[in-house]
Amino acid sequence: MRATAAPLPTIRAESVAATTSGLVELDRVLGGGVVGGAVLLLAGEPGVGKSTVLLEVAAATARAGRRALYVTGEESVSQVRLRAERTGAVEPQLYLAAASDLGAVVSAVESVSPDLLVIDSVQTLTSDHIDGVAGGVTQVRAVTGALLELAKARNMPTILVGHVTKDGAVAGPRALEHIVDVVLQFEGDRGSSLRLLRAVKNRFGPVEEVGCFRLTDRGVVEVPDPSGLFISRHCEPISGTCVTATLEGRRPLLSEVQALITPAAAPPARRAVSGLDAARLAMLLAVLQRRVRLTVHNCDVYAATVGGASLRSPAVDLAVAVALASAASDRPVDGSTVCFGEVGLAGELRNVPSAEQRLAEAARLGFTTAVVPAERRSAPSAVHQAQGITVVPCLDLRAALRFLGLVGSSAALSTAPDLQVVS
């Protein structure tokens with residue numbers, strides 16, 4: 001059979017129709033909903049809530065009058081039924097099957113004719129026609145390819161649950177991620193109920209969106225406005241804290257950074273980090289010591305985020321530096337101030353993308369002042385109003401700290417004998 005090539009302008013572009021999954025946050029990540037015949041791979045660590053959220057998706061499909069088939073290879077149907085009762089997912093149009101053989105799955109699909117197929121998990125399925133153990137490279141590749149053909153032939157959306165390795169990568173052959181249409185990552189800290197769903201690959205939509213969920217005793221609950229989850233509510237201003245505006249995908253979120261600096265009991269000084277990049281913290285401490293003359297080499301430094309947030313972007317540099325300077329001077333930052341921007345080794349502040357979105361989110365949550373990088377070095381911008389908030393552009397870190405009263409004659413020095421801020 002010979003392939004026929006045609007000029008690109010003569011090819012008709014057809015939009016892909018998507019059906020809602022029943023979860024607004026999932027639809028946001030997928031770019032509008034689940035596409036017919038698409039194969040999605042949902043990966044995540046054990047216990048993060050993958051099975052729970054997919055059972056809710058299957059139940060939402062059933063509530064909409066469409067059939068959903070949930071195939072489990074790791075649990076019995078009784079165990080899935082108990083979870084469905086606990087989460088309120090018992091629906092007449094939701095079918096359950098326990099199978100670890102690909103042929104049994106195909107038979108169940110032909111019998112039920114579902115509008116949605118959920119496989120939990122793809123690593124537990126095997127094919128009699130392929131050598132190898134369940135979860136092996138050969139079996140996973142063959143099973144996924146067969147399910148892909150089945151989904152395309154029946155125009156049936158299929159969601160596969162995938163295991164992950166110790167480093168967080170999807171277990172199995174790398175080709176698995178290339179075979180499927182969408183790869184979703186379900187992330188969350190065991191010590192926090194917050195879960196983030198992000199698209200790593202999406203042939204039908206963007207990969208910048210992030211969905212937020214909360215894992216509860218009654219299943220997963222969507223969190224349409226998660227900004228408040230990453231900010232502490234203090235009765236009075238506390239030193240060592242600073243709020244920053246981050247981006248999770250295309251969604252702006254406000255997060256709080258906390259820092260604590262104390263004289264080291266014995267050398268070497270300790271550096272403890274939670275939710276932040278340890279290498280960038282070390283860099284910021286060096287910049288503060290060299291450019292601002294903040295002496296912390298003989299002090300223990302602790303830095304963390306609130307609510308289990310993971311802030312790895314350089315856009316949080318300024319907030320981390322402000323929190324460190326605030327902890328060193330024991331002088332709190334005004335609670336209505338938000339800071340964001342990248343800090344360079346020379347102490348300069350660099351612009352970050354989507355600044356207007358960050359400012360608008362901060363103004364929506366009641367913040368009145370934003371300390372940001374100046375746009376032009378030759379003619380620094382003056383203080384102005386933008387997105388309903390007072391914007392204070394600063395050329396470098398020292399200027400930002402001076403505006404906040406953390407360096408200069410107005411800065412209060414710490415009472416610790418081995419900790420000092422020199423103006």
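**Ser 51**

I began with Ser 51, which is found in helix H2, residues 50-63. I was working with a predicted model throughout. Is Ser 51 buried or exposed? I read a relative accessible area of 17%. The cut-off for buried is under 20%. Ser 51 is therefore buried. Next I listed its contacts, leaving aside neighbours within four places in sequence. Ser 51 is in contact with Tyr 70, Arg 83 and Asp 120.

**Strand S6 and strand S7**

Strand S6 covers residues 116-120. I followed S6 to its partner S7. Three bridges join the two strands, and they run parallel. Within this pairing, I noted that Ile 119 stands opposite Leu 160 in S7.

I then looked at the other pairing of interest. Strand S3, residues 39-44, is joined to S7 by five bridges. S3 and S7 also run parallel. Here I picked out Leu 40, whose bridge partner in S7 is Ile 159.

How many residues of S7 are buried? I counted five of the five in this strand, which spans residues 158-162. S7 is therefore largely enclosed by the rest of the structure. I checked which way its residues point. Thr 158, Leu 160 and Gly 162 point one way from S7. Ile 159 and Val 161 point the other way. Residues on both sides are buried.

**Leu 102**

I moved on to Leu 102, which lies in helix H4, residues 102-112. Its relative accessibility is 9%, so Leu 102 counts as buried. Which residues does Leu 102 contact, beyond neighbours within four places in sequence? I found Thr 126, Ser 127, Val 143, Ala 146 and Leu 147. I also took one distance across the chain. Leu 102 and Ile 179 are 77 residues apart in sequence, and their C-alpha atoms are separated by 17 Å.

**Nonpolar cores**

I turned to the largest nonpolar core, which has 50 residues. The residues with the most contacts inside this core are Val 322, Leu 324, Leu 397 and Leu 401. H8 gives the most, with 10 residues.

I looked at Val 322 in detail. Not counting residues up to four places away in sequence, Val 322 touches Cys 242, Val 333, Cys 339, Leu 401, Leu 404 and Leu 406. I also found a second, separate core of 34 residues. Its members include Leu 30, Leu 54, Ala 68 and Leu 197.

**Whole chain**

I recorded 10 helices and 23 strands. The C-alpha trace spans about 80 × 55 × 40 Å along its principal axes. Of the 423 residues, 49% count as buried.

For the surface, I noted an accessible area of about 19,600 Å². Carbon and sulfur atoms hold 52% of this area. The chain has 40 positive and 41 negative charges, and their mean positions are 4 Å apart.

How values were computed: Residues are numbered from 1 along each chain as its sequence is written. This is a predicted model: local features need pLDDT of at least 70, side-chain atom pairs count only at pLDDT 80 or more; totals for chains, interfaces and linings use all residues. Side-chain values use heavy atoms; hydrogens and water are left out. Helices (H or I, at least four residues) and strands (E, at least two) are DSSP runs, numbered from the N terminus. Buried means under 20% relative accessible area, exposed over 50%, partly exposed in between (1.4 Å probe, protein chains only). Accessible areas come from the Shrake-Rupley method with a 1.4 Å probe; for residues, only the protein chains shown count as cover. Lys and Arg count as positive and Asp and Glu as negative; His and the chain ends are not counted. The place of a charge is taken as NZ of Lys, CZ of Arg, CG of Asp or CD of Glu. A nonpolar core is a set of buried Ala, Val, Leu, Ile, Met, Phe, Trp, Tyr and Cys residues joined through side-chain atoms within 4.5 Å. Contact means heavy atoms within 4.5 Å. Two strands pair if DSSP finds at least two bridges between them.
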